[in-house]
There are 2 protein chains.
Amino acid sequence: MLNSLFPWWRDHRPEHWGADALAGLVVSLILVPQSLAYALLAGVTPQMGLMAAIAGQLGYALLGRSPALSVGPVAIASAMTMDALSPLALPGSAQWYGMAGLLAVLSGLMLLLMGLLRLGFIAHLLSHSVIGGFISGAAVLIVLGQFKYWLNVPISGDTAYSLLQSLWNHGPSLQLAPLLLGLGCLLALIAARYLSSALPQNGVYRLSKTFPLLLLCVVTVFVHQTELSSVIPTLQSTLAWGGSTGLPHVAAIDTPTFFRLLQSAALIALIGFIESYSMAKAIGQIHSKSVDANAELRGLGAANLAAGLSGGFAVTGGLSRSVVNLEAGARSPMAGVFASLVMLLVWLGPSSLLSSLPLAALAAMIMAAVGPLINLHAFLQVWRYDRADGLGWLLTFIGVLLGGVEVGVMLGVTVALATVVMRQGRPHIAEIGCVPGTEHFRNVLYHQVQTLSNALFVRIDANLFFGNWDWIQENLQRKIQSRQTAMEHLVLSLSSVNDIDHSAYLGLREWARELHQQGVQLHLAEIKNPLLHKLRQHEANPDLPLSWAQEHLSTYQAFQGFSGRENAD
Amino acid sequence: MLNSLFPWWRDHRPEHWGADALAGLVVSLILVPQSLAYALLAGVTPQMGLMAAIAGQLGYALLGRSPALSVGPVAIASAMTMDALSPLALPGSAQWYGMAGLLAVLSGLMLLLMGLLRLGFIAHLLSHSVIGGFISGAAVLIVLGQFKYWLNVPISGDTAYSLLQSLWNHGPSLQLAPLLLGLGCLLALIAARYLSSALPQNGVYRLSKTFPLLLLCVVTVFVHQTELSSVIPTLQSTLAWGGSTGLPHVAAIDTPTFFRLLQSAALIALIGFIESYSMAKAIGQIHSKSVDANAELRGLGAANLAAGLSGGFAVTGGLSRSVVNLEAGARSPMAGVFASLVMLLVWLGPSSLLSSLPLAALAAMIMAAVGPLINLHAFLQVWRYDRADGLGWLLTFIGVLLGGVEVGVMLGVTVALATVVMRQGRPHIAEIGCVPGTEHFRNVLYHQVQTLSNALFVRIDANLFFGNWDWIQENLQRKIQSRQTAMEHLVLSLSSVNDIDHSAYLGLREWARELHQQGVQLHLAEIKNPLLHKLRQHEANPDLPLSWAQEHLSTYQAFQGFSGRENAD
């Protein structure tokens, strides 16, 4: 029972308890300010941010497996929540909070369902380069969006263009105090990160990771104690402050809105899962353990369901937090449970103090977190390695900037998949002949082989599908037309063909008819058994050979038949 | 000069003039009612429909090549225009007409650009089954949308759900007269089609294709002459009547709207091109001529540009019309020029009579045209042949019904491409050994071969890319762990690998490091030259072997090296 509900329980040793507790404490000190910052990014209340982290980690501990994945609010999923809700509800309304929770619930259900259906392979819908372009583009949008808190102007928009235009329009009315505070915080955070990376990985290093929390406390007290509190906006001044924090208020949502939420939830689930899974894989490699994509789907699904139902919003395994969790010695999701308990104390205790947090400082935290994700160096590396991959990176990056994150994800998936299909659009086709004295067939270009004047033998080195059939057909047609002697037979040796999709099947059948009119008979040889079964099953009479092409067991059989007839002529 | 502007000119013979003129006349008699009906579908004026057909055919004749493709307004592109404009402008406003023209201009420019960049392969982004699902779904939406003219109620919506809901809400206020007229027309059209298909393909058969025009004339006169004109709405009663018909009035369009139009134009261009190109290919097969996808892109681009600039809207090569054109004997795009001239007479002459056309009759024409596109039988065929293709059909069909045509296209492209990637997610991996006395390596399962205790030799029969690398790595890792003897070397024979994408490259390099920690050295053998060049170029020092793996020219070289060392141990 414990093993199926807590899949990590079997491997849990008594000595892990201490390590998990320590890692939990360290992570919670990072997770508190992150939850607040990303709640701001998603336009939800700070309480929803905290609750998402608490419930998300407990949910993940129920079904997840990764020993050090730190689940909670993250930048990209929060920005996607904001993007999804902007056209559907008013910021700060009960509708907005309810829909944010509903997005998490829907994402969670989808992830759970995909995990149960073992659809873990969806992690492979996006290539590395497309993910890079997407994250860099989203990070640029997030950074641009933060300027509203630094300048205290109502910037809005979900694309780079609209954000910049809004910034330009409101620029003249900017205020200096929050700008200076934000800039100061950002510089302090960047400096702290550089210093911390120079430290040896001991206790002091781990402690240095809690600097953002410390900075937030100091700045809050400083602003509160001085006259600045009147000119620097705090969390209390936002629409999000004072919002309801209970279960999501799913006020009557009409069906079109529900479908749009469903679509956004699917995109959040996809991106969240890819982010989580790649982190879980990195952790797994360090622990020398393979990671089960389907278990991670279920874990992340449970986390989102818990976060949504308890009044939080969409959560994912965070990259930087998980690294800290790992370095702090986490051995199981129990570390996340400990972190939840610490955060529950914050939630129950001084959460009213949060109202004095200066927005400009939170915005600086977000910028410091997502800034390094804008990785143009990675683009240059990809571009140098492979133009098609590089173009994928660039197209996705530009797509996110011009169209927003949702358009960016869809464009990215399309670009990644299209690259694969295009690379296979022109497969290798070899004209083959019989190696004298054997039953083997080899490329006529590289071997001394026997050919026939009345028949053409070719081997296609790829599966036939909609993306390459036209090209193959044109190529073969040219081969036929360029022959000096009259042709009677075209033999396709299918030894490298594992599958023929429906588009190619229709094309092949149609082409066999045309060839027949040209006086050429089509032959298929060396059809692999599963493929033969599939082709025969689809023909009218499954017991007969394919009616539109002659079947041969081997290329040699066909060769023998034609050469016999050739001799007889 | 003539040859480059009119690419069909070189093949044009004097005896073709007569054939083209006759075909042009026949097609124009079909194109007039179709242009009016599809203009209604796109929410534009009847004059815009006629102009789109006139200018579209002239534009196609300039750069296109297909001898019988009949370019003009078609159902799917018209429905997509309606779908794209609904959220952006008010039906019947100058803004709407201007944007409809702008959509055609943008589509045209994109198609021209793609043609010049030789991107004709985009026709292969969609599989046959996904196109089938898309067209069937769009046809259902179009049929549902026509009920507003039959019932004379203001039904609206761009998904099946919203259309049905709207129908349900307005159902009680339906009117009987237009319903009966529409139903009568539909039955007459269907009966005529069945009768015509039984006719021998002679002059009477060709004439029978003009029945829709005849019916429209009869019904119009009938309604006009009787008391029915007061209860049956005509074209004059629509918002589209009396709209401006000059060049598009592109009133100040803000940037976000422009980007949305750009996105819609891209989808219209893609679907329009695929529809046109597949028809052009079918015609090409009958004429035994290969079709140049890039030339078709340029031809359709010129057609759309001409249609948009002259005050029309988006055009495409129509399926049924082209068949009639072909059967009527068309030999070049000159047939389209003749059809244009006939239509220009309609435009200049009795176009004011159009105002009396009953909407219910036009709606019946649209239903009769798109009804046969709802092809559930094709779905069953696809499903029976291949589950993945069948699922693609179904997902796209449902996507169009629930999300509208734009969502449907994007979903369709994704589904088609994802099917390909998934099929390649688990490539064939063979453990190989040396055939004694030779330098050949074969699968250990099927051949008596020599293996080494300290080394594992495998051949991967697929290109390495983001969609299969994880699976390959896990598979090989399991092979390594299941071995009884201690392993020192893992040799990947890359004889079947033409390419390694950036994701797989990163994965391979990272894995080499991990293997090294496990005490296993990674070797790459038989790297094809272009791939070797790519890999070396990306490493820091291109003259050295890849720093993370040992290179070998052939698998046999590696084998010799290890077996020597094994003997020495």
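## Basis of the model

This is a predicted model, in which local features need pLDDT of at least 70 and side-chain atom pairs count only at pLDDT 80 or more, while totals for chains, interfaces and linings use all residues. Residues are numbered from 1 along each chain as its sequence is written, chains are lettered from A and ligands numbered from 1 in the order in which they are written, and side-chain values use heavy atoms, with hydrogens and water left out.

## Chain A

Chain A contains 21 helices and eight strands; these are DSSP runs numbered from the N terminus, with helices being H or I of at least four residues and strands E of at least two. Along the principal axes, its C-alpha atoms fill a box of roughly 105 × 60 × 55 Å.

Of its 569 residues, 56% count as buried (under 20% relative accessible area; exposed is over 50% and partly exposed in between, with a 1.4 Å probe and protein chains only). Contact means heavy atoms within 4.5 Å. Among contacts in chain A between residues at least 6 apart in sequence, 81% join residues at least 24 apart.

## Interface of chains A and B

The interface brings 50 residues of chain A into contact with 50 residues of chain B. About 4600 Å² is buried between the two chains, 61% of it on carbon and sulfur atoms; buried area is the accessible area (1.4 Å probe) that two parts lose on being put together, summed over both. In chain A, the residues losing the most area to chain B are A:Tyr385, A:Phe466 and A:His502, together 17% of what that side buries.

Between chain A and chain B, 11 residue pairs are in polar contact, both residues at pLDDT 80 or more. A polar contact is a pair of N or O atoms within 3.5 Å; within protein, one must be able to donate a hydrogen and the other to accept it, and residues adjacent in sequence count only if both atoms are side-chain atoms. On the side of chain A that touches chain B, α6 (128-151), α11, α16 (376-385), α17 (387-423), α18 (469-481), α19 (502-517) and α20 (529-538) of chain A each give two or more residues. Helix α17(A) gives the most, with 11 residues.

## Salt bridges

Over all chains the count comes to 14 salt bridges, each a side-chain nitrogen of Lys or Arg within 4 Å of a carboxyl oxygen of Asp or Glu. Four are found across the interface of chain A and chain B. In one salt bridge, the closest N and O atoms of A:Lys534 and B:Asp386 are 2.4 Å apart. A:Lys534 lies in helix α20 of chain A and B:Asp386 in the loop between α16 (376-385) and α17 (387-423) of chain B, so the pair joins two chains. Both A:Lys534 and B:Asp386 are buried.

Within chain A, A:Arg536 and A:Glu551 form a salt bridge with closest N and O atoms 2.8 Å apart. This pair links helix α20 to strand β8 (residues 550-552), 15 residues apart. A:Arg536 is partly exposed, at 28% relative accessibility.

## Helix α18 of chain B

Helix α18 (residues 469-481) of chain B has 13 residues and reaches 18 Å from its first C-alpha to its last, close to the 18 Å expected at 1.5 Å a residue. Its buried residues include B:Trp469, B:Ile472 and B:Leu476. The buried residues of α18(B) pack against α11 (255-286) of chain A, and against β3 (429-434), β5 (455-460), β6 (489-493) and α19 (502-517) of chain B.

How values were computed:
Expected span 1.5 Å × (residues − 1).
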